[in-house]
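Please view the sequence and the model before reading on.

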Amino acid sequence: MSKVLIIGAGGVSNVVVQKCCQVPDVFEDIVLASRTLSKCDQIAASLNRPITTAQVDADDPDQVAALIRKHKPDLVINVALPYQDLPIMDACLETGVDYLDTANYEPIDVAKFEYSWQWAYQDRYKTKGIMALLGSGFDPGVTNVFCAYAQKHLFDEIHTIDIVDCNAGDHGHPFATNFNPEINIREITQKGKYWEAGKWIEIEPMSISKDIDYPEVGPKRSYLLYHEELESLVKFVKGLKRIRFWMTFGEAYINHLQVLQNVGMTSIEPVEYEGHKIVPLQFLKAVLPDPGSLGVNYKGKTSIGCIFEGVKDGQPKKQMIYNVCDHAACFKEVKAQAVSYTTGVPAMIGAKMLLTGQWQGKGVFNMEQFDPDPFMEALNQYGLPWKIIDLP
Ligand code: NDP
(Lines give C-alpha, C1' and ligand atoms only; values in the text may rest on other atoms or scores of the structure.)
Protein backbone atom coordinates (compact mmCIF):
# COMPACT_ATOMS: atom_id res chain seq x y z
CA MET A 1 0.00 0.00 0.00
CA SER A 2 1.56 3.26 -1.06
CA LYS A 3 1.02 6.96 -1.52
CA VAL A 4 1.98 8.79 -4.72
CA LEU A 5 2.30 12.46 -5.54
CA ILE A 6 1.49 13.07 -9.22
CA ILE A 7 2.65 16.46 -10.60
CA GLY A 8 1.03 17.93 -13.74
CA ALA A 9 -2.63 17.82 -14.74
CA GLY A 10 -2.58 17.57 -18.55
CA GLY A 11 -3.52 14.84 -21.02
CA VAL A 12 -1.00 12.28 -19.76
CA SER A 13 -1.67 13.01 -16.08
CA ASN A 14 -5.39 12.32 -16.54
CA VAL A 15 -4.54 8.79 -17.74
CA VAL A 16 -1.95 8.18 -15.00
CA VAL A 17 -4.42 9.20 -12.28
CA GLN A 18 -7.25 7.07 -13.71
CA LYS A 19 -4.97 4.05 -14.16
CA CYS A 20 -3.57 4.37 -10.62
CA CYS A 21 -7.16 4.45 -9.36
CA GLN A 22 -7.76 1.12 -11.12
CA VAL A 23 -5.01 -0.48 -8.98
CA PRO A 24 -6.04 0.49 -5.43
CA ASP A 25 -4.06 -2.30 -3.75
CA VAL A 26 -0.84 -0.54 -4.85
CA PHE A 27 -1.94 3.11 -5.14
CA GLU A 28 -3.80 3.51 -1.87
CA ASP A 29 -3.46 7.29 -1.64
CA ILE A 30 -3.09 9.73 -4.53
CA VAL A 31 -2.20 13.43 -4.34
CA LEU A 32 -2.51 15.34 -7.62
CA ALA A 33 -0.78 18.73 -7.81
CA SER A 34 -0.21 21.14 -10.67
CA ARG A 35 0.24 24.78 -11.57
CA THR A 36 -3.51 25.25 -12.13
CA LEU A 37 -5.50 23.77 -9.24
CA SER A 38 -8.79 23.75 -11.19
CA LYS A 39 -7.31 21.26 -13.69
CA CYS A 40 -6.48 18.88 -10.80
CA ASP A 41 -9.99 19.30 -9.41
CA GLN A 42 -11.48 18.59 -12.83
CA ILE A 43 -9.58 15.27 -13.04
CA ALA A 44 -10.50 14.46 -9.42
CA ALA A 45 -14.20 15.06 -10.15
CA SER A 46 -14.14 12.46 -12.95
CA LEU A 47 -12.93 9.64 -10.64
CA ASN A 48 -14.92 7.10 -8.68
CA ARG A 49 -12.67 7.36 -5.60
CA PRO A 50 -11.46 10.40 -3.67
CA ILE A 51 -7.98 11.85 -4.20
CA THR A 52 -6.28 14.94 -2.73
CA THR A 53 -5.50 17.93 -4.98
CA ALA A 54 -3.03 20.78 -4.50
CA GLN A 55 -1.48 23.77 -6.27
CA VAL A 56 2.27 23.83 -6.92
CA ASP A 57 4.70 25.68 -9.16
CA ALA A 58 7.09 22.84 -9.94
CA ASP A 59 9.71 25.23 -11.33
CA ASP A 60 10.41 25.96 -7.67
CA PRO A 61 12.08 23.02 -5.84
CA ASP A 62 11.22 24.55 -2.45
CA GLN A 63 7.48 24.47 -3.22
CA VAL A 64 7.73 20.84 -4.37
CA ALA A 65 9.78 19.88 -1.27
CA ALA A 66 7.20 21.56 1.00
CA LEU A 67 4.41 19.61 -0.73
CA ILE A 68 6.36 16.35 -0.31
CA ARG A 69 6.93 17.08 3.39
CA LYS A 70 3.24 17.80 3.86
CA HIS A 71 1.91 14.66 2.11
CA LYS A 72 4.82 12.21 2.63
CA PRO A 73 4.46 10.23 -0.62
CA ASP A 74 6.49 7.09 -1.34
CA LEU A 75 7.03 8.23 -4.93
CA VAL A 76 6.71 11.40 -7.02
CA ILE A 77 5.38 10.85 -10.58
CA ASN A 78 6.37 13.80 -12.75
CA VAL A 79 3.97 14.26 -15.68
CA ALA A 80 4.36 18.03 -15.90
CA LEU A 81 6.73 19.26 -18.61
CA PRO A 82 10.41 18.36 -19.20
CA TYR A 83 11.40 21.82 -17.91
CA GLN A 84 10.31 20.75 -14.41
CA ASP A 85 12.38 17.52 -14.27
CA LEU A 86 15.37 19.01 -12.43
CA PRO A 87 13.49 21.10 -9.84
CA ILE A 88 11.36 18.03 -9.02
CA MET A 89 14.44 15.77 -8.88
CA ASP A 90 16.06 18.31 -6.54
CA ALA A 91 13.02 18.28 -4.25
CA CYS A 92 13.03 14.45 -4.19
CA LEU A 93 16.72 14.47 -3.33
CA GLU A 94 16.19 16.92 -0.50
CA THR A 95 13.29 14.96 0.99
CA GLY A 96 14.58 11.43 0.23
CA VAL A 97 11.70 10.29 -1.99
CA ASP A 98 11.83 8.20 -5.21
CA TYR A 99 11.21 9.91 -8.58
CA LEU A 100 9.72 8.87 -11.95
CA ASP A 101 9.13 10.78 -15.22
CA THR A 102 8.21 10.21 -18.88
CA ALA A 103 10.48 12.68 -20.66
CA ASN A 104 14.08 13.90 -20.33
CA TYR A 105 14.91 17.32 -18.84
CA GLU A 106 14.92 20.17 -21.35
CA PRO A 107 16.39 23.63 -20.74
CA ILE A 108 13.75 26.17 -21.79
CA ASP A 109 16.02 28.06 -24.21
CA VAL A 110 17.59 25.20 -26.19
CA ALA A 111 16.13 21.95 -27.56
CA LYS A 112 18.55 19.13 -26.69
CA PHE A 113 16.61 15.95 -25.83
CA GLU A 114 19.48 14.40 -23.91
CA TYR A 115 19.90 12.73 -20.52
CA SER A 116 23.18 14.36 -19.42
CA TRP A 117 21.58 16.66 -16.83
CA GLN A 118 19.59 13.84 -15.20
CA TRP A 119 22.37 11.24 -15.34
CA ALA A 120 24.46 13.79 -13.41
CA TYR A 121 22.26 13.03 -10.36
CA GLN A 122 23.46 9.37 -10.25
CA ASP A 123 25.90 9.71 -7.33
CA ARG A 124 23.69 12.00 -5.26
CA TYR A 125 20.63 9.69 -5.63
CA LYS A 126 22.77 6.67 -4.81
CA THR A 127 24.26 8.29 -1.71
CA LYS A 128 20.82 9.38 -0.55
CA GLY A 129 19.55 5.79 -1.07
CA ILE A 130 16.73 6.76 -3.46
CA MET A 131 15.83 5.82 -7.02
CA ALA A 132 14.92 7.82 -10.14
CA LEU A 133 13.27 5.98 -13.06
CA LEU A 134 13.64 8.03 -16.26
CA GLY A 135 11.36 7.92 -19.29
CA SER A 136 8.53 5.62 -18.22
CA GLY A 137 6.18 6.50 -21.10
CA PHE A 138 5.82 4.65 -24.42
CA ASP A 139 8.74 6.09 -26.35
CA PRO A 140 10.86 6.46 -24.32
CA GLY A 141 9.61 3.78 -21.96
CA VAL A 142 7.91 0.74 -23.45
CA THR A 143 10.27 0.83 -26.46
CA ASN A 144 13.25 0.55 -24.06
CA VAL A 145 11.56 -2.39 -22.32
CA PHE A 146 10.89 -4.06 -25.72
CA CYS A 147 14.65 -3.78 -26.40
CA ALA A 148 15.51 -5.30 -23.02
CA TYR A 149 13.04 -8.12 -23.68
CA ALA A 150 14.50 -8.81 -27.14
CA GLN A 151 17.99 -8.86 -25.63
CA LYS A 152 16.91 -11.22 -22.84
CA HIS A 153 14.69 -13.66 -24.76
CA LEU A 154 14.83 -13.30 -28.54
CA PHE A 155 18.44 -12.66 -29.61
CA ASP A 156 21.99 -13.62 -28.69
CA GLU A 157 23.16 -10.45 -30.42
CA ILE A 158 21.09 -7.48 -31.62
CA HIS A 159 22.76 -5.71 -34.54
CA THR A 160 20.18 -3.12 -35.57
CA ILE A 161 17.11 -1.55 -33.98
CA ASP A 162 14.52 0.61 -35.71
CA ILE A 163 11.98 2.15 -33.35
CA VAL A 164 8.90 2.87 -35.43
CA ASP A 165 6.09 5.11 -34.21
CA CYS A 166 2.89 5.47 -36.21
CA ASN A 167 -0.20 7.45 -35.33
CA ALA A 168 -2.74 6.58 -38.00
CA GLY A 169 -5.52 8.38 -36.15
CA ASP A 170 -7.63 11.32 -37.30
CA HIS A 171 -8.78 13.93 -34.74
CA GLY A 172 -10.64 16.05 -37.27
CA HIS A 173 -8.61 19.27 -36.68
CA PRO A 174 -6.59 20.77 -39.56
CA PHE A 175 -3.52 20.95 -37.26
CA ALA A 176 -2.99 19.79 -33.67
CA THR A 177 -0.27 17.98 -31.74
CA ASN A 178 -0.99 14.84 -29.74
CA PHE A 179 0.97 15.86 -26.69
CA ASN A 180 2.22 19.19 -25.37
CA PRO A 181 2.63 21.23 -28.61
CA GLU A 182 5.72 23.06 -27.46
CA ILE A 183 7.66 19.89 -26.66
CA ASN A 184 6.31 18.06 -29.73
CA ILE A 185 7.29 20.82 -32.17
CA ARG A 186 10.70 21.32 -30.54
CA GLU A 187 11.32 17.59 -31.03
CA ILE A 188 10.41 17.59 -34.72
CA THR A 189 12.06 20.83 -35.81
CA GLN A 190 15.47 20.01 -34.32
CA LYS A 191 18.06 18.20 -36.44
CA GLY A 192 17.58 14.45 -36.90
CA LYS A 193 20.22 12.04 -35.60
CA TYR A 194 20.92 8.30 -35.58
CA TRP A 195 23.73 6.10 -34.34
CA GLU A 196 25.81 3.81 -36.57
CA ALA A 197 29.17 2.09 -36.21
CA GLY A 198 29.95 3.80 -32.93
CA LYS A 199 29.10 7.37 -33.87
CA TRP A 200 26.19 9.80 -34.17
CA ILE A 201 25.18 10.94 -37.64
CA GLU A 202 23.29 14.24 -37.79
CA ILE A 203 20.87 15.09 -40.61
CA GLU A 204 18.73 18.11 -41.52
CA PRO A 205 15.24 18.01 -39.90
CA MET A 206 12.87 15.57 -41.64
CA SER A 207 15.35 15.03 -44.52
CA ILE A 208 15.26 11.20 -44.48
CA SER A 209 11.96 9.38 -44.95
CA LYS A 210 10.63 6.03 -46.18
CA ASP A 211 7.44 3.97 -46.15
CA ILE A 212 7.20 1.55 -43.24
CA ASP A 213 4.57 -1.21 -43.09
CA TYR A 214 2.98 -0.89 -39.62
CA PRO A 215 1.08 -3.85 -38.14
CA GLU A 216 -2.72 -3.43 -38.31
CA VAL A 217 -2.28 -0.06 -40.05
CA GLY A 218 -0.33 -0.63 -43.29
CA PRO A 219 2.41 1.35 -45.04
CA LYS A 220 2.91 4.95 -43.89
CA ARG A 221 5.51 7.58 -44.74
CA SER A 222 7.89 7.78 -41.77
CA TYR A 223 10.59 10.34 -40.97
CA LEU A 224 13.90 9.77 -39.23
CA LEU A 225 14.01 11.85 -36.02
CA TYR A 226 16.29 11.98 -33.03
CA HIS A 227 14.57 10.60 -29.94
CA GLU A 228 15.97 10.50 -26.43
CA GLU A 229 15.81 6.72 -25.89
CA LEU A 230 18.50 6.26 -28.56
CA GLU A 231 20.99 7.83 -26.16
CA SER A 232 20.45 5.29 -23.39
CA LEU A 233 19.88 2.25 -25.62
CA VAL A 234 23.27 2.79 -27.30
CA LYS A 235 24.81 2.42 -23.84
CA PHE A 236 22.83 -0.56 -22.64
CA VAL A 237 22.25 -2.86 -25.69
CA LYS A 238 25.42 -4.87 -26.23
CA GLY A 239 26.84 -5.44 -29.74
CA LEU A 240 24.58 -2.86 -31.38
CA LYS A 241 25.69 -1.61 -34.81
CA ARG A 242 22.90 0.84 -35.66
CA ILE A 243 19.82 2.36 -34.02
CA ARG A 244 17.30 4.75 -35.58
CA PHE A 245 13.91 6.25 -34.69
CA TRP A 246 11.09 6.80 -37.20
CA MET A 247 7.78 8.62 -36.82
CA THR A 248 4.85 9.04 -39.22
CA PHE A 249 3.48 12.44 -40.22
CA GLY A 250 0.66 13.14 -42.66
CA GLU A 251 1.09 15.58 -45.55
CA ALA A 252 -1.24 18.16 -43.99
CA TYR A 253 0.72 18.11 -40.71
CA ILE A 254 4.01 18.66 -42.50
CA ASN A 255 2.61 21.47 -44.67
CA HIS A 256 1.26 23.30 -41.62
CA LEU A 257 4.54 22.82 -39.78
CA GLN A 258 6.57 24.10 -42.73
CA VAL A 259 4.47 27.27 -42.98
CA LEU A 260 4.66 27.86 -39.21
CA GLN A 261 8.42 27.36 -39.34
CA ASN A 262 8.84 29.64 -42.36
CA VAL A 263 7.01 32.49 -40.64
CA GLY A 264 8.96 32.02 -37.40
CA MET A 265 6.15 30.68 -35.21
CA THR A 266 8.10 27.60 -34.07
CA SER A 267 11.04 29.61 -32.74
CA ILE A 268 12.00 29.33 -29.05
CA GLU A 269 13.88 32.66 -29.18
CA PRO A 270 11.87 35.38 -27.37
CA VAL A 271 10.65 38.31 -29.50
CA GLU A 272 9.52 41.79 -28.42
CA TYR A 273 5.78 42.38 -28.93
CA GLU A 274 4.04 45.53 -27.68
CA GLY A 275 6.53 45.94 -24.85
CA HIS A 276 6.41 42.25 -23.81
CA LYS A 277 8.85 39.45 -24.51
CA ILE A 278 7.01 36.47 -25.97
CA VAL A 279 8.28 33.10 -27.18
CA PRO A 280 6.60 32.40 -30.56
CA LEU A 281 6.33 28.65 -29.88
CA GLN A 282 4.67 29.27 -26.50
CA PHE A 283 2.18 31.64 -28.15
CA LEU A 284 1.48 29.01 -30.81
CA LYS A 285 0.74 26.48 -28.05
CA ALA A 286 -1.85 28.85 -26.62
CA VAL A 287 -3.81 28.97 -29.90
CA LEU A 288 -3.59 25.27 -30.80
CA PRO A 289 -6.13 22.69 -29.54
CA ASP A 290 -5.34 21.27 -26.09
CA PRO A 291 -4.03 17.69 -26.70
CA GLY A 292 -6.21 16.52 -23.80
CA SER A 293 -9.31 17.66 -25.69
CA LEU A 294 -8.60 15.74 -28.91
CA GLY A 295 -10.02 12.42 -27.75
CA VAL A 296 -13.73 13.15 -28.32
CA ASN A 297 -13.84 12.42 -32.05
CA TYR A 298 -10.49 10.70 -32.50
CA LYS A 299 -10.70 7.67 -34.81
CA GLY A 300 -8.01 5.19 -35.84
CA LYS A 301 -5.02 3.54 -34.20
CA THR A 302 -1.46 4.00 -33.06
CA SER A 303 1.01 1.24 -33.96
CA ILE A 304 4.38 1.56 -32.21
CA GLY A 305 7.17 -0.95 -31.89
CA CYS A 306 10.77 -2.00 -32.38
CA ILE A 307 12.19 -3.91 -35.35
CA PHE A 308 15.26 -5.96 -34.43
CA GLU A 309 17.83 -7.65 -36.64
CA GLY A 310 20.48 -9.91 -35.18
CA VAL A 311 21.48 -13.48 -34.46
CA LYS A 312 20.01 -16.33 -32.39
CA ASP A 313 21.70 -19.74 -32.11
CA GLY A 314 23.99 -18.83 -34.98
CA GLN A 315 21.09 -17.95 -37.32
CA PRO A 316 20.26 -14.44 -38.59
CA LYS A 317 16.78 -13.27 -37.63
CA LYS A 318 14.48 -10.26 -37.84
CA GLN A 319 11.59 -9.71 -35.44
CA MET A 320 9.26 -6.95 -34.34
CA ILE A 321 7.61 -6.32 -30.96
CA TYR A 322 4.73 -3.87 -31.11
CA ASN A 323 1.52 -2.56 -29.57
CA VAL A 324 -1.54 -1.27 -31.39
CA CYS A 325 -3.85 1.09 -29.52
CA ASP A 326 -7.25 2.38 -30.63
CA HIS A 327 -8.06 6.08 -29.99
CA ALA A 328 -11.81 5.55 -29.58
CA ALA A 329 -11.33 2.61 -27.16
CA CYS A 330 -9.03 4.78 -25.01
CA PHE A 331 -11.59 7.56 -24.97
CA LYS A 332 -14.28 5.12 -23.91
CA GLU A 333 -12.13 3.86 -21.03
CA VAL A 334 -10.47 7.02 -19.65
CA LYS A 335 -11.66 9.97 -21.80
CA ALA A 336 -8.25 10.29 -23.46
CA GLN A 337 -6.74 9.80 -26.91
CA ALA A 338 -4.26 6.99 -27.56
CA VAL A 339 -1.09 9.13 -27.35
CA SER A 340 -1.92 10.22 -23.79
CA TYR A 341 -3.03 6.64 -23.02
CA THR A 342 0.12 4.96 -24.34
CA THR A 343 2.18 7.36 -22.19
CA GLY A 344 0.06 7.31 -19.03
CA VAL A 345 -0.32 3.52 -18.72
CA PRO A 346 3.47 2.84 -18.72
CA ALA A 347 3.95 5.65 -16.18
CA MET A 348 1.52 3.86 -13.85
CA ILE A 349 3.22 0.50 -14.53
CA GLY A 350 6.70 1.96 -13.89
CA ALA A 351 5.39 3.37 -10.61
CA LYS A 352 3.92 -0.03 -9.72
CA MET A 353 7.27 -1.77 -10.48
CA LEU A 354 9.00 0.62 -8.12
CA LEU A 355 6.44 0.61 -5.33
CA THR A 356 6.10 -3.19 -5.26
CA GLY A 357 9.89 -3.62 -5.27
CA GLN A 358 9.92 -5.54 -8.59
CA TRP A 359 12.31 -2.89 -9.89
CA GLN A 360 14.73 -1.78 -7.19
CA GLY A 361 17.88 0.30 -7.16
CA LYS A 362 19.69 3.27 -5.74
CA GLY A 363 20.59 5.94 -8.27
CA VAL A 364 19.27 7.09 -11.66
CA PHE A 365 18.02 4.42 -14.07
CA ASN A 366 16.67 4.07 -17.60
CA MET A 367 13.96 1.51 -18.28
CA GLU A 368 16.11 -1.06 -20.13
CA GLN A 369 18.32 -1.52 -17.05
CA PHE A 370 15.66 -3.60 -15.26
CA ASP A 371 14.16 -7.07 -15.83
CA PRO A 372 11.62 -6.51 -18.63
CA ASP A 373 9.43 -9.52 -17.75
CA PRO A 374 7.16 -8.09 -15.01
CA PHE A 375 6.70 -4.86 -16.98
CA MET A 376 5.81 -6.77 -20.18
CA GLU A 377 3.29 -8.84 -18.22
CA ALA A 378 1.75 -5.67 -16.77
CA LEU A 379 1.42 -4.12 -20.26
CA ASN A 380 -0.84 -7.03 -21.22
CA GLN A 381 -2.78 -6.68 -17.99
CA TYR A 382 -3.35 -2.92 -18.00
CA GLY A 383 -4.39 -2.13 -21.56
CA LEU A 384 -1.32 -2.16 -23.83
CA PRO A 385 -1.05 -5.76 -25.12
CA TRP A 386 1.95 -6.49 -27.34
CA LYS A 387 2.79 -9.02 -30.03
CA ILE A 388 5.96 -10.46 -31.55
CA ILE A 389 6.11 -11.16 -35.29
CA ASP A 390 8.80 -12.63 -37.56
CA LEU A 391 9.81 -10.42 -40.46
CA PRO A 392 11.31 -11.57 -43.75
P1 NDP B 1 0.20 18.93 -21.09
O2 NDP B 1 0.71 20.22 -21.61
O3 NDP B 1 -1.16 18.46 -21.47
O4 NDP B 1 0.27 18.93 -19.48
C5 NDP B 1 1.35 19.44 -18.77
C6 NDP B 1 0.87 19.75 -17.36
O7 NDP B 1 2.00 20.20 -16.62
C8 NDP B 1 -0.17 20.86 -17.33
O9 NDP B 1 -1.18 20.50 -16.41
C10 NDP B 1 0.63 22.05 -16.81
O11 NDP B 1 -0.07 22.97 -16.04
C12 NDP B 1 1.62 21.36 -15.90
N13 NDP B 1 2.74 22.26 -15.66
C14 NDP B 1 3.46 22.97 -16.55
N15 NDP B 1 4.35 23.73 -15.93
C16 NDP B 1 4.20 23.51 -14.60
C17 NDP B 1 4.82 24.00 -13.44
N18 NDP B 1 5.80 24.90 -13.50
N19 NDP B 1 4.39 23.55 -12.23
C20 NDP B 1 3.40 22.64 -12.14
N21 NDP B 1 2.76 22.14 -13.22
C22 NDP B 1 3.16 22.56 -14.42
O23 NDP B 1 1.30 17.83 -21.46
P24 NDP B 1 1.08 16.25 -21.70
O25 NDP B 1 0.19 15.71 -20.65
O26 NDP B 1 0.76 16.05 -23.13
O27 NDP B 1 2.57 15.71 -21.47
C28 NDP B 1 3.09 15.51 -20.15
C29 NDP B 1 4.50 14.97 -20.23
O30 NDP B 1 4.51 13.71 -20.89
C31 NDP B 1 5.46 15.87 -21.03
O32 NDP B 1 6.69 15.93 -20.35
C33 NDP B 1 5.64 15.12 -22.32
O34 NDP B 1 6.90 15.40 -22.93
C35 NDP B 1 5.57 13.69 -21.84
N36 NDP B 1 5.24 12.72 -22.91
C37 NDP B 1 5.97 11.56 -22.98
C38 NDP B 1 5.70 10.62 -23.96
C39 NDP B 1 6.42 9.31 -23.97
O40 NDP B 1 6.00 8.40 -24.69
N41 NDP B 1 7.46 9.11 -23.20
C42 NDP B 1 4.67 10.86 -24.98
C43 NDP B 1 3.88 12.04 -24.76
C44 NDP B 1 4.19 12.94 -23.77
P45 NDP B 1 -1.10 24.04 -16.68
O46 NDP B 1 -2.32 23.24 -16.88
O47 NDP B 1 -1.24 25.10 -15.66
O48 NDP B 1 -0.48 24.51 -17.98
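## Ligand surroundings

The ligand has 28 residues around it, of which R35, T36, K39, A58 and N180 come nearest, a residue being counted as near if one of its heavy atoms lies within 4 Å of the molecule. Sorted by class, this shell holds 13 nonpolar, 10 polar and 5 charged residues, where Ala, Val, Leu, Ile, Met, Phe, Trp, Tyr, Cys and Pro count as nonpolar, Asp, Glu, Lys and Arg as charged, and the others, Gly among them, as polar.

The model is predicted, so that local features need pLDDT of at least 70 and side-chain atom pairs count only at pLDDT 80 or more, whereas totals for chains, interfaces and linings use all residues. Residues are numbered from 1 along each chain as its sequence is written, and side-chain values use heavy atoms, with hydrogens and water left out.

## Backbone contacts and burial

A polar backbone atom of V12 is 2.9 Å from an oxygen atom of the ligand, while nitrogen atoms of the ligand lie 2.8 Å from a backbone N or O atom of A58 and 3.2 Å from one of P140. The protein buries 94% of the 930 Å² that the ligand exposes when taken alone, with areas from the Shrake-Rupley method and a 1.4 Å probe.

## Nonpolar surface patch

V271, Y273, I278, F283 and V287 make a nonpolar surface patch of about 450 Å². The elements giving two or more residues to this patch are β13 (271-273) and α11 (280-287). V271, in strand β13, is partly exposed, with a relative accessible area of 38%, the partly exposed class lying between buried (under 20%) and exposed (over 50%). Patch residues have over 30% relative accessible area and no salt bridge, and nonpolar side chains (Val, Leu, Ile, Met, Phe, Trp, Tyr) are joined within 5 Å; a salt bridge is a side-chain nitrogen of Lys or Arg within 4 Å of a carboxyl oxygen of Asp or Glu. Strands (E, at least two residues) and helices (H or I, at least four) are DSSP runs numbered from the N terminus.

Technical notes:
Polar contact = N/O pair within 3.5 Å; in protein donor to acceptor, adjacent residues only side chain to side chain. Patch = residues over 30% accessible without salt bridge, like charges linked within 9 Å, V, L, I, M, F, W, Y side chains within 5 Å. Buried < 20%, exposed > 50% of the residue type's maximum accessible area, 1.4 Å probe, protein only.
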